[in-house]
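This briefing concerns selected local features of one protein model. Please consult the sequence and the structure shown below.

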Amino acid sequence: MAWNVAGLALEPARAVTWLAALPDRPGQPYYRFGADLRCWTLAARLALELLARGRFVPAVHPDAPAAVWQPVLSAGADQERVQALAGALPPVCRALAPAGADPATYPAPDALALVTGFLQAGADALIRRWLGETPAAERAGRAPRPVPGVAGRWLEALAAPTAAIPGTPAEVDTLRTRLSAWSAPVVQGQAPAAFRTCFRLEPPDGDDAGDGASWALHVLLQAADDPSLLVPAAEVWRARGSTLRYLNRRLDHPQERLLADLGVAARLFPPLERALDEARPESCPLTPTEAYLFLKEGALLLQESGLGVLLPASLAGGARLGARLRVRSSSASPRAGAGGGLGLSDLLDVDWEIVLGDQPLSREELHRLARLKVPLVRMRGQWVEVNPERLADALRRLERQGRTLTVGDALRLAAGAGEAAPGLPVVGVDAEGAAADLLRRLSGDGTLEELPTPAGLRGQLRPYQVRGFSWLAFLRERGIGACLADDMGLGKTVQVIALWLHERAAGLAAGPTLLVCPTSVVGNWQRELARFAPSLRVLVHHGADRLRGEDFRAEAEAHDVVITTYALAQRDAADLAAMTWNGIVLDEAQNIKNPATRQSQSLRALRAGYRIALTGTPVENRLGDLWSIMEFLNPGYLGSAQAFHRQFAVPIERYRDAEAAARLQRLVRPFILRRVKTDPAIIQDLPEKQELPVYVNLTPEQATLYAAVAEEMLERIAAADGIERRGLVLSALTKLKQVCNHPAHLLGDGSALPGRSGKLDRLAEMLEEVLEEGDAALVFTQFTEMGTLLQRFLRETFGQEVLFLHGGVPRAARSRMVERFQAADGPQIMVLSLKAGGVGLNLTRASHVFHFDRWWNPAVENQATDRAYRIGQHRRVMVHKLISAGTVEEKIDALIASKRELAERVVGTGEAWLTELSDDELRGLLSLDRE
C-alpha cells in the first residue's frame, strides 16, 4: 500500500556527521533507535572512516559532466562491510516510489545501490564542505599553477558548491577516460578476478645483520579462491600462447595480467620500476631501507589495490621487541608482609627487561641494535624490525624508570593497556610471592577461596551466591572496588547482606556502611535486611524529618547500615562526606552513568574503605557508562574520560575494533562479576520458578490520597451493616488498590502517568533490565482500566509495541495476539487482565511474570503465572509480585505468607473473607503505616 510519511531532508554532509555522532543507543534509557537509523549510522561511520583513511579519488561522474569525489573501497574488508550493510538494510529504507507510482508494481530501489550512493553523496559533500571551510589565504598558498582547459574547470568544480564542468561532451569524455586510467591503480582493486599478482618479500641469506645485504621482492600469480596456490613469474613467461595450465588450473592471458599489475604496483611502490626494466621480470632487489618501506607502506597500498602480499613469518606478526616486567611485593608498601592483602594502590618492586619474542636480550645486544643504521636486522636467527632512534630512546627511558609500580599499573600493563616506552609494548608481567597470588586471582586464573555462610544469615545461599559473596569479600579485604552485575533475580541483595554479616563477624567493619539506592527500592532493602539479617542495625536516611549535621553523624555511627537515596546523596552531600564509611554500596549503579552530574561527583568524593556497585546493566547505552562506574569503584584505573574515549569508546563503538574490545575486557574483568540465568553453572543452582516479592514505596501524592480514602471509607463502614457494609468493605479494598497502582487509576482523569506511582516507576526500571537481556515479560493486572494505562505508559516509555489482552478482545484477535507474542521477533511485553489472561494460554516466550496488583487468591495468581511456567518453557521463570509498602497490600501479603495453608483454604475463595472482619481489624488492615 502507498503511505505518505513526513520526514526531514538533510543536506548530505550534515546527514553524515549527525548520523556518525549518534551513540549505539539513545541517551534516554526508554527510547530505542529503529533498525533503519542504526543501519544509516553504520554507513555514515564507514563514510567518515574512508575519508580519514584517504580512501577517495577525484573523478568525473560516469553519467554527467560533473566533478565528484569518489570513495574507493579496499578489496576485502570494505567491500564485505558494504555488502553486509546492504544485506541488513531494513525494508523501510527501500520503501520509496515516485509520487503517483503504483507501489504494487514499482520496483524497490536496490539495497547495494542505496548504500553505495549514500557513501558517494556523503563523501563528496563532506570534502566540498571542508574545502569550503579552508581559509582563502591558506588555499592560495597551496594552490598549484592554473591549469588551462576542461581540466582546470574540473579542478575548480571539485571545490565549488556546483559540480558541473563547463565544456563540450567530447572534452568531458576525454577527461573522464584519462582520469579513469590515472586512478586505476587504486580503483581497480574493487574488481574481483580469478588470479591476481602477488609480491613475496624474502630476506637475504647469511647471518650478518648489519651488512646492508639486498632483499628480494619476488613476483608471482596467486589464485583468488586459494591463496596457497602460487605460480612463479618464471612459469608465466615460459607459457606459450594466451593460456597457462598449472596444477590443473587454467590461467587466461597470464603475461598481460602480470605486466599490467606490475605497472600498477610500480606507481604505488616506486622501487618496483626497476623490475620493469627487465624483459621478463621475476623479482626486484631492495635495499634494507626499501624493504622496511615496503613493510610499513608499500605492502598496505598493494593490498588495498587488490594485489597479494606475502611477508616473512618473523616480520608478519612474529617475534617483536617488547618489554617484560618482573614484579614482587615492595618493602615500601604499607601492606608489605600482609600475605595476599595487597590492593590496587600498593607498591610493587619492578625490574624491566627487553625481550625478542620470549628471549631476553643482553644490554650489549640492545646497544648494538641501537647503533645499527638499518631498520631490519637478523638477531638469533630471526629478522626483527628495529627503529634505532626509538630503541635508544626506550633504553634511556627504562634506565630512568622508577623501581616501583602500583598493583593497578601492573594490571593495566598486563592487560596490554600501556607501553614501557613509545613503540615498546609490554609483552608480559611475571610476579613473585603475594603479588603473583593477587595478580593470578584477579586475572581469573587463581582459585577463589569460598567462605562459609555467615552464622547470622537467616536463609540458605545457593552455590553461585556463595561464590559471589566470597568474591566480594576477597576484593573488599584489599580495598578494591567490585561491580556485581548479576542478572535480575539472581540475588545481588542477599550476596551483599552476606558480606556485611561476614565482615562484622570477622571484626573487619570499621563503622557503618552506606547503601545508596533509588527511592523505589528503599523499602525493599529494609525488608530484605529484616528478613535475612535481623541482627544488623539499619538506619533509613530519607524523608523530610531526616537527621542532619552532628545528629545524623551520631545516629549513623550507632548503626551497621545506613540507607539513603541518589537524590539525597547530592542534597545531603556535606553530611555524608563528613563521615568515613566502612564501605559504600550503590544499588542500580547505572544511576551514576553520567560522570559529570553533581550526584556522581558527590558519590565519588565520599571516603570509604571499599566500594561496591550493583547493576544488571553495567553498559546501558555506551561505554562511557562503564567508565563512570569504574571511576567510582577504582578511581584512575581506566585513565581519564578523554583518554578512555579515545582508546576504547571510539574504536569499539564506532569501528567495532575487536582488539580494543578484548583489551578492555582484560582490564575490567577482575572487577566485574557478571552471571546470567543461562550460564550452565547458574541454571543448575536455580529453581524452575522463582517468586520474588518487590516492595515499593508510595509517592507523597499516593500516600496522601491513600490516607484520605482509607479514613473516608472506614467512617462509612462503621455507620453501615449487613450487605451494605460488606459492599463498602469490598469497595474500600478496590479503591485502595487503585491508589497503590496509580492516582490516575482511582481518579480516572486521564492525567499524566510518569513519576506519580512507586509501582509504575519500579516496573519500568525492572522491565528495562528485562528488555536489555532480550527477554520477554507478562504484566498481569486485575483491572482492565489499569491495563489500558499500563499499555500506554509502557509503549511510550520503551518506544515499542505493547500487547494488551483483556476480556474485550475477540477470539480470533486473541489467537493472533498470542501467536505474535510467541514469535521470536514479536513484541517483548504483553499486559493481561488477570481474568481474561489467567487461563487457557501458552505464553512460554516470557521468562518474567509481573503481578502489578495482587489478587489475594493464591490459586488464581498461580494460574496466571503458569501461562509462562508450563510445558514448553525451557528457561527459569522469574515471578515478581509488586507490593506497596505500608498498605493493605503488604499486610495481606504478610498474612498469606504466614498462614499459607490456611490462606489457600480460607482466603482462596477471593476477598469476601475481608468483609467479616471487625471495624478495629479493618482499621488495622486498611490504614496506612506511616513508617
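This is a predicted model: local features need pLDDT of at least 70, side-chain atom pairs count only at pLDDT 80 or more; totals for chains, interfaces and linings use all residues.

Leaving aside neighbours within four places in sequence, which residues is Arg274 in contact with? They are Cys284, Pro285, Leu286 and Glu290.

**Arg274**
- Arg274 is located in the loop that connects α10 (254–268) with β8 (283–286).
- Its relative accessible area is 36%, and Arg274 is therefore partly exposed.
- Leu286, one of its contacts, is 12 residues away along the chain, with 9.8 Å between the two C-alpha atoms.

**The sheet of 6 strands**
- The strand order of this open sheet is β27-β32-β31-β28-β30-β29, and the pairing is parallel.
- β27 (689–696) and β29 (802–805) stand at the edges with a single partner strand each, so one side of each has no neighbour in the sheet.
- From one strand to the next, the twist averages 20°.
- β27 and β32 (residues 877–884) run parallel and are joined by 8 bridges; Pro693 has Lys881 in β32 as its bridge partner.
- Helix α31 (residues 784–798) lies across β28 (776–781), β29 and β30 (829–833), and runs at about 170° to β29.

**Packing of α28 and α37**
- The axes of α28 (residues 722–741) and α37 (residues 919–926) are 12 Å apart, at an angle of about 10°.
- The two helices, α28 and α37, are therefore roughly parallel to each other.
- Arg725, Val729, Ala732 and Leu736 of α28 make the contact with Asp919, Leu922 and Leu926 of α37.
- This contact comprises 5 nonpolar and 2 charged residues, with no polar ones.

Technical notes
Residues are numbered from 1 along each chain as its sequence is written. Side-chain values use heavy atoms; hydrogens and water are left out. Helices (H or I, at least four residues) and strands (E, at least two) are DSSP runs, numbered from the N terminus. Buried means under 20% relative accessible area, exposed over 50%, partly exposed in between (1.4 Å probe, protein chains only). Contact means heavy atoms within 4.5 Å. Axes are lines fitted to C-alpha atoms, for helices over the stretch in contact, and angles run from 0 to 180 degrees between N-to-C directions. Angles under 35 degrees count as roughly parallel, over 145 as roughly antiparallel, 65 to 115 as roughly perpendicular and the rest as oblique. Ala, Val, Leu, Ile, Met, Phe, Trp, Tyr, Cys and Pro count as nonpolar, Asp, Glu, Lys and Arg as charged, and the others, Gly among them, as polar. Two strands pair if DSSP finds at least two bridges between them.
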